[in-house]
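Please keep the sequence and the model in view while working through them.

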Amino acid sequence: MSATLLLAQLLNGLQYGVLLFLLAAGLTLVFGIMSFVNLAHGSLYMLGAYAAAIGYGASGSFVLAIVAGMAAALVVGLVLEVSIVSRLYRRDHLDHVLATFGLVMFFNELVRLVWGPQPLFVEVPQVLAGTVDLFGFTYPSYRFAIIVAGLLVAVASHLLIQKTRVGMLIRAGAQNPQLVGALGVNIGLLNAMLFGVGAMLAGLAGAMAGPVLSVQSGMGEPVLITTLVVIVIGGIGSVNGALYAALIVGVVDTLGRVYLPMLIRLVAERSIADAAGPALASMSIYLLMAVVLALRPQGLFPARRG
Amino acid sequence: MISRDFRSTVVAVAVAAALSTTLGAAQAATIGFVAPLSGPQALVGQDQLDGFMLAVEQLGGQLGGQPAKVLKEDDQLKPEVGQQAVRKLIDKDKVDAIVGLSFSNVLMASLPRLAESGVVALATNAGPSPLAGAQCKANIFSLAWQNDGAAESMGKFAQDRGIKRVYLMAPNYQAGKDMLAGFKRFYKGQVVDEVYTQVNQPDYSAELAQLQAAKPDAVFVFYPGGMGINFVKQMSQAGMSGKLPLYSVFTVDGTTLPSLREAAVGTISGAMYDAALDTPDNRKFVAAFEAKYKRTPSLYAATGFDAANLLDVALRKAGGDAKKLPAAVKAAGSEFKSVRGPFRFGKNNMPVQDYYAFETTRDGGKLTTRLIGTPLAAHADPYAAQCTLP
Amino acid sequence: MNTQLLRPATAVPLLIFAALAAVPFVAGALEQPFWISLFARIVIYAIAASALNLALGYGGLVSFGHALFLGLGSYAVALPAFHGIDSGWMHLAACLAVCGVGALLVGVISLRTSGMAFIMITLAFAQMGYFLLVSLKQYGGDDGLAVAATSRFGPLDLGSPLALYGTAWVVLVLVTWWMARLRLAPFGMALRAARQNARRVNAIGLQARRLQLVAFVISGTLCGVAGLLLANLNAYASPSSLAWTISGELIVMVVLGGMGTVFGPLIGALVFMGLEEVFKGLTEHWMIIFGPLIVLMALVGRRGIVGLLESASAAKRTKLEVDKDANTDPNANDVPARSVGEA
């Protein structure tokens, strides 16, 4: 257990956390303000990844690919919002779950129909294809780029929400949507915009994840579940909470995967450790969520409600 | 005195009876094909089906001299769905044989019904160890491999190459554990560490950092499907590709190579087949497959193709008698021409075949695989002794 | 009471029960034993949906992890069978114990939350169960575990499809009857009231949380019984039965049929699985049709099929009669209310 290994693992955890944050930020806003459970967020992430893969293949420019990913997710998000989501705001969470469950099925199959079941290939852009030498360790530059991008988004969203007029409306909407509507603000437009921004962030996450992960049908679901865990831990409706929780979850998951089996091997014999280690590691973030919910059900950094 | 009318009637009846029996024998050979045709592993199922149908087409739409009717069932890689499909094929469609049977978990779920019915089953993608050992059945065959085989061949290959320290990785489920156990059976050097990751885990950066820190001489992995793509890509992105030899099974193959491209260059995989095998039978198969489906066949397509050819020989041998089919299939194993090279069934109905080592290389701008060795020839699995079949 | 039996909303389900009872005979006559196992699956899922309906429909608890109990029930058969125990009573006891305790644990922790957090944490528990079972190599892991010895209750062996079908049918009838009685019993009334307004229920001295916990435990245990039957049908237990998509499908069945009604889960299971079979026969890409259908169902409203049947018959009757029957009607949907805990 060397210090450099620990450092590398921390960086890995950070990078994973940042990717989770990109997804969680959009989702927590949608949930916090519109109180809408969006299981299809993973599908938006997937569509962003596909659009970016196609865009990159067609244009050869990574920047264009990212833009394509974000644009595609934005468009689909807005269409969904206007046609389906906006009709369900006043309904029960169950209706949200059902509708978005159906959407997940639809998008997974659509993607398979159009592009086939074969995973798509996305190259890491040349300029970021190298590695960085860190204390005798090679770390992929691309992952650094992800960390940087994520932190930029975090800063930008913080500025947007805290320092702009739109951000003020968003915060007000989170506390009391009816009152904001009564004050003459077009809450419908605000909601649509918010959903769109959330979708865009998901698309960005998908586009950035493409070169690293496998772009295929159903790639959204495993990430979605982890994202939901992040939101619940962080506190629903709070973007700050999403950031801190995402980083915590990213680090816990990464370190858990690496060190739990090692720790168990110290106290139990090999065969038990081999079985229990990975199992416990997979469960670690769920256990964390259960503990947080048991002790502090509103999340660790909840948005203050009026 | 028997009238002429009566005699001609008798003759007519006799001829009619004879004709009806021969006509009856010319019924269709109904084959049920169960595979994952939707979901993330759909390409595996599709390859098997395409290989199978190509062979049937080459045989003029016939199997064993009878017109072939192939009923497709999608098991979605779910044991429950696969079992339903098998039940339907046996009870409702009354098929002569079932081919495919997906991955080990689906196969094992359908085992009781298959065994009970006595219908011939040819697994083209799995050979789980219980089936190879104590639970072997006279009517159930694996035409692909016994699950440990490819891993054993990589273990032997690493051993023969004199590699001293190996790091092992696989997903944390039955097949993963079997693969690593198979590798260790033939590899006698030092196992630096044995790491099991979460099934369908997308991000391996943590494990790759650990791997780097351990500084082994080589790493052996089993990561099928999307997991393999993620792992190999990320390993390449971490700059480890040229520096740490990667040995694998079912990770870099015909279905994942198109997505991996550069990242796979230099990796060594163990399998009983690759399109690169240079035999006349295989060259013909690859050419025909590429012409028809516009892609290079993977080992799954090869097993599908072999299954149809095997059934053709076996059905002819059995001559329409369903009870004779299992024995006919077993005998046909040694007689039909497989695209993978030498083949026969062991006593436990598992393949006895060669396992090769392939290296993925870049040949003048094109990605190719080349054969670099045959670590295990005519290799039988270690579970045969536990099987009580004659 | 007689006229109630003849109304479509009650008559149709009763006819369905009769038709289901006839399935084995028809299948035998047509020499299609396959139908028995097909309908056995439908009946078993109808039991699971009815179990979920108690928590979801009556209690308003959106549990996205009920597949956990289905899986635990299956393994309650497979694990003892692995060790040579084939007594059905032992399997049943194990099933009730494990699922009861499991549901208690899940319920106690999950009910500390509400709304989306509740949905998430139930999902998380199902995921944990999945990963745990996948990592158990000696019990098959991801490959699942074959049931070495099916449950035997004296002379009755659930390994035989016919015996299983009969048992499942009887269990479904019993569960449905129990749910009908429970709906109007004091416990059921209080539970349904808690779903509409927990504060009021607490204010009159009942404890909403406790009612919900009891409902959740019963719901999970009954779902486990469905799992026990499923393991016997398939002669197999697999971690894949804990997938979150299964939990989602159970929810769809309940809502499709009519949430909170007595016969809703049965109709929902029948229609859902029937449609699935039909679509699968049409195209490999059946999910592309099925997905939007589910979306449509969510958009259109939650009265479900039973609700539609109700409307069909209500249109013919006077308003007075409708009001009089509303409170004692086994098919009346409760007023759609927000999920657990939301003010």
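This is a predicted model: local features need pLDDT of at least 70, side-chain atom pairs count only at pLDDT 80 or more; totals for chains, interfaces and linings use all residues.

1. Helix pair in chain C. Helix H2(C) passes helix H3(C) in a left-handed crossing. The residues that meet there are C:Leu20, C:Val23, C:Pro24 and C:Ala27 from H2(C), and C:Trp35, C:Ile36, C:Phe39 and C:Val43 from H3(C). By class, this contact has 8 nonpolar residues, with no polar and no charged ones.

2. H2 of chain C covers residues 8-30 and H3 of chain C covers residues 34-58; the two pack at an angle of about 165°, and their axes are 9 Å apart. Because angles over 145 degrees count as roughly antiparallel, H2(C) is roughly antiparallel to H3(C).

3. Chain A as a whole. The secondary structure of chain A consists of 11 helices and 2 strands. Along the sequence, the pattern of chain A reads α-α-α-α-β-β-α-α-α-α-α-α-α. The radius of gyration of chain A is 20 Å, close to the 19 Å given by the globule rule for 306 residues, so chain A is as compact as a globular protein of that length.

4. Extent and interior of chain A. Taken along the principal axes, the box filled by the C-alpha atoms of chain A is roughly 65 × 50 × 35 Å. Of the 306 residues in chain A, 59% are buried. Among contacts in chain A with a separation of 6 or more, 78% are between residues 24 or more positions apart.

5. One residue of chain A. Is A:Gly77 buried or exposed? A:Gly77 has 29 other C-beta atoms within 10 Å, and it is therefore buried, since 20 or more are required for that class. A:Gly77 lies in helix H3 of chain A, which spans residues 62-88. Apart from neighbours within four places in sequence, A:Gly77 is in contact with A:Leu44, A:Phe195, A:Gly196, A:Gly198 and A:Ala199. A:Thr226 is 149 residues from A:Gly77 along the chain, and their C-alpha atoms are separated by 21 Å.

6. One residue of chain C. C:Val147 is placed in the loop between strand E1 (145-146) and strand E2 (152-153) of chain C. With 27 other C-beta atoms within 10 Å, C:Val147 is buried. Which residues does C:Val147 touch, if those up to four places away in sequence are not counted? They are C:Val77, C:Ala78, C:Ala81, C:Ala231, C:Asn232, C:Ala235, C:Tyr236 and C:Ala237.

7. Contact of chain C with chain A. How many residues does each chain bring to this contact? Chain C contributes 38 residues and chain A contributes 36 residues. On the side of chain C that touches chain A, helix H6 (115-134), helix H11 (244-257) and helix H13 (287-300) of chain C each supply at least two residues. H6(C) gives the most to that side, with 12 residues. By class, the side of chain C that touches chain A has 26 nonpolar, 8 polar and 4 charged residues.

8. Contact of chain C with chain B. Here 20 residues come from chain C and 23 residues from chain B. The side of chain C that touches chain B divides into 6 nonpolar, 10 polar and 4 charged residues.

Conventions. Residues are numbered from 1 along each chain as its sequence is written. Chains are lettered from A and ligands numbered from 1 in the order in which they are written. Two residues are in contact if their C-beta atoms, placed from the backbone, lie within 7 Å. Helices (H or I, at least four residues) and strands (E, at least two) are DSSP runs, numbered from the N terminus. Ala, Val, Leu, Ile, Met, Phe, Trp, Tyr, Cys and Pro count as nonpolar, Asp, Glu, Lys and Arg as charged, and the others, Gly among them, as polar. Axes are lines fitted to C-alpha atoms, for helices over the stretch in contact, and angles run from 0 to 180 degrees between N-to-C directions. Angles under 35 degrees count as roughly parallel, over 145 as roughly antiparallel, 65 to 115 as roughly perpendicular and the rest as oblique. A crossing is left-handed if the near helix is turned anticlockwise from the far one by less than a right angle, and right-handed if clockwise. The radius of gyration is taken over C-alpha atoms; the globule rule is 2.2 Å times the number of residues to the power 0.38. A residue is buried if 20 or more other C-beta atoms lie within 10 Å of its own, exposed if 12 or fewer, and partly exposed in between; C-beta atoms are placed from the backbone.
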